[in-house]
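Hi,

Here is the structure I promised to pass on. Please open it alongside this message; my notes on one helix follow.

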Amino acid sequence: MSRVQTILKFIGGINKDRIGGNCSLIEHTDEKGNTKRVMFDLGSKFTPSGSEFSAAYPNVDEYFDRIDLKSGELIKASKPVDFLFLTHAHEDHIGALINYTKMGYRLPRMKAGGFTRNFVRLIFAKEGLIVPEIERIQAGDIVKVGDSMEIEAVDVSHSIVDSLGFHTLTYANGKPYAAIMNNGDFLTEENMPLGKSFSLEQYLDVFKRKPAPTTVVCLDSTSTVLNGKERIGFAKAVENTYNVVMENRDKSLIISPVISRSVQNMAIDIETARKLGTKVFLDGKWLQTVKDAMILSGYKDFEDVVYKGSLQSYLYDKHISQKYIICTGAFAQGMEDYDNNIGMSAYSPIAMSSAVKMALDLHPQIKIGKDTLILSRQRIINEINGKSGPKMLQLMAKKGATVVMSPSEKKVGGFKEVQMQDSGHANAQAMEDLLAEVKKVTPEVIAVPIHGNEQQCENTKAIMDKIGVKTHLTQNQGILSLEDGNIKDMAGNGKPLTWYAIKMFIPQTDNISRSLADMVTEVWEISDNYEPIRKIGELQSEKVEAPKPRYDNYKKGIEEAEELPYREKMKKPDKKKTAQRQKAIKASKRYNLNKRFNNRSR
C-alpha cells in the first residue's frame, strides 16, 4: 500500500510586494499510489517600473506541457495538472493565461464562473488567439478528479461578479482524508449590488457536509489591518458619492477612475449617475471588454445608464448636460512607466490607463480643467499606486480639476477626503467573525494566511490566535503536507524562487517611422527581486485582428451567448482580398453618393 498524502503548495501569491502572481496547487496520492493534481488561479505579479519587465508569472514548468521557444520541441510536464480552477477575473489571478499561451504552454482543462469564463474567452479572442475551452461552474457544482479527490464550488463576495471559492476534499480508503477551502479573494458581504453574494449558511454547510481529520482554510489577508475601519456598504457609498457630486454641481465633467474589473465598485458610479439622471461613458478597452462579458453573463440592468455611442458623440450630445465618464486608471497604470520611459526609446510601448492620459494631456478627446470633478474612489495603496496615484491626481488638480478622494494612509495635496467605496477584501473583524463560526462546525480547522505581505499575514495570525484557531504561516514555494490529521512543512528542493517575465521594447533606430509593429517581446526568467537570470526566447509581435462579438442587439439568451466568440482561430488577413474588398467598398460609396446627388438634381 502506498503512502497516502495530501500536499498544498503555494507557487505564487504570498509576496513581499503584497499582491500578485496568485497560484496554488493541491496534490493527492491515494492508497493505490494514484496521484492527482489541481491548480487554483494563475495570475500576474506587478513588477516595479525600474525593472523594465511589464509583468511576471509563477514558474509552472513542472505542471504544464509546453513548446520550447528556442528548439520548438514539445516538453512534457513532469507533474501534469488535471484541472485549473479560476476563482475570479482579476489580473493577479488570471493574468498569466494569455502570455503562457503565447509562450507555448498548453493550458489544462479549466473551470470558472460565468463572468470569468466569458471575460477570459473575450480577451483571448481580442488577442487573436485560439479561444480556450473553459467549463462554466457555479456554487454547488462538484468536480470529481479520479476516485480520491472532489472539488465543490462556493459563492464568495468580492469586488467582481461571479467570484468563487473552492472546497477540496481528498479521500483514502474511501474515507475523507483532508479538506482545503480556497476562498480566493473574498468578502463576507451578503448583499452585493450585482451577482451572487456570500451566504454564511451555505458556506458553513459545506464544512458540515464534508468533515475531515484536517481542514485548512486559506485566508485572503490583503485587507487584514488590525483595528481597521468598518465597511460602509453599497447604499452609503452611493449616497456619499452623490453628495460629493451635488456639492460640485457646477462641474460639467465627472471623471471616475476605476479598477476596470471591479464591477461591484463600478456599480456605485452607475447608481450615482442614475440618481443624477445622466448617462455614463465607459472609457478604456478593458472597460468595454468588461461590459461585453457582463452582458454575455446575463447582467444587463446597467444598460439603460451606459451611453452606447462613441466618445465623441457622447461629449457633443446636447441632451446630456453633465458628462460622467468611468475610465480605467484607479491605480494610475502607465504613470511610472512614462516617467522611467521603459525601453529607453521615444517609441517605447507604454500601456497607459485613460486617467493617466488625461493627467498627461495625452488623451485624444478628453481635456480636463476647471469644469472637471475627479472622483478618486479607490484609496491609495503604498505597494501598488503609492507613487503613481498621488502624482496623477496632483497633475489633474494642476489643470484646475477639483479632486475628491477616499481616505488613505497617504495624504495627497490637501484634497478633500470622503469614503466613497469599500475594499473588496475581508477586514479583520469579518475574518474573526467568520472563522469563529467555522470553528463551531469544524473543530480541527487550521488557518493559512495568503495573498498579503508578511505583516498582513501576521495580522491574520493574531486574529486567529484571539479566537483559538490554529494558524500556519508559509511563503511562496511553501509546501504543506496534510497527513494523519496533522499539518507540517515539507523541505523544499532548495531551488530559489523564480518567475517568468515579459520585456517589451522597440529597438533603437534612426528610422523614425518605426512603430509599435516593430515591438520586440522577450521572455526572461527572473529572480524574486526582479533580477534577470536568463533569456528564454522571443514572442511573435504580429497583431492579428480578432473577431467582433455578434450580439449587436443584446437580446440573445445567455445560453446562446455562451457560444461566443464563434471563430476559434484567427488567420492572417489576405492582403490581396482585403485590397479588393476596400476598392469595392469605395466604388460602392461613390456610386451611392452620385445617385443621391442626381436624385436631388432632378
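Start with helix α6, residues 263–276. This is a predicted model. At 1.5 Å a residue, the 14 residues of α6 should span 20 Å. The end C-alpha atoms are 20 Å apart, which agrees. Just after α6, Gly277 has a positive phi of about 75°.

Next, burial. Of the 14 residues of α6, 10 are buried, so the rest of the structure largely encloses this helix. Buried here means under 20% relative accessible area. The buried set begins with a run from Val263 and Gln264 through Asn265, Met266, Ala267, Ile268, Asp269 and Ile270. Thr272 and Ala273 are buried too.

What covers these buried residues? The cover includes two helices, α5 (234–247) and α7 (285–296). It also includes the strands β15 (253–258), β16 (280–283), β17 (323–328) and β18 (372–376).

Now look at α5 against α6. Their axes lie 9 Å apart, at an angle of about 50°. The two helices are therefore oblique to each other. The crossing of α5 past α6 is right-handed.

Which residues meet there? From α5 come Phe234, Ala237, Val238, Thr241, Tyr242, Val245 and Met246. From α6 come Gln264, Ala267, Ile268, Glu271, Thr272, Lys275 and Leu276. By class, this contact has nine nonpolar, three polar and two charged residues. On spacing: an α-helix has 3.6 residues a turn, so residues three or four places apart point the same way.

Best wishes

Key. Residues numbered from 1 in each chain as written. Predicted model: local features only at pLDDT ≥ 70, side-chain atom pairs only at ≥ 80, totals over all residues. Heavy atoms only, no water. Helix = DSSP H or I, 4+ residues; strand = E, 2+ residues; numbered from the N terminus. Expected span 1.5 Å × (residues − 1). Buried < 20%, exposed > 50% of the residue type's maximum accessible area, 1.4 Å probe, protein only. Contact = heavy atoms within 4.5 Å. Axes fitted to C-alpha atoms, helices over the stretch in contact; angles between N-to-C directions. Parallel < 35°, antiparallel > 145°, perpendicular 65-115°, else oblique. Left-handed = near helix turned anticlockwise from the far one by under 90°. Nonpolar A, V, L, I, M, F, W, Y, C, P; charged D, E, K, R; others polar.
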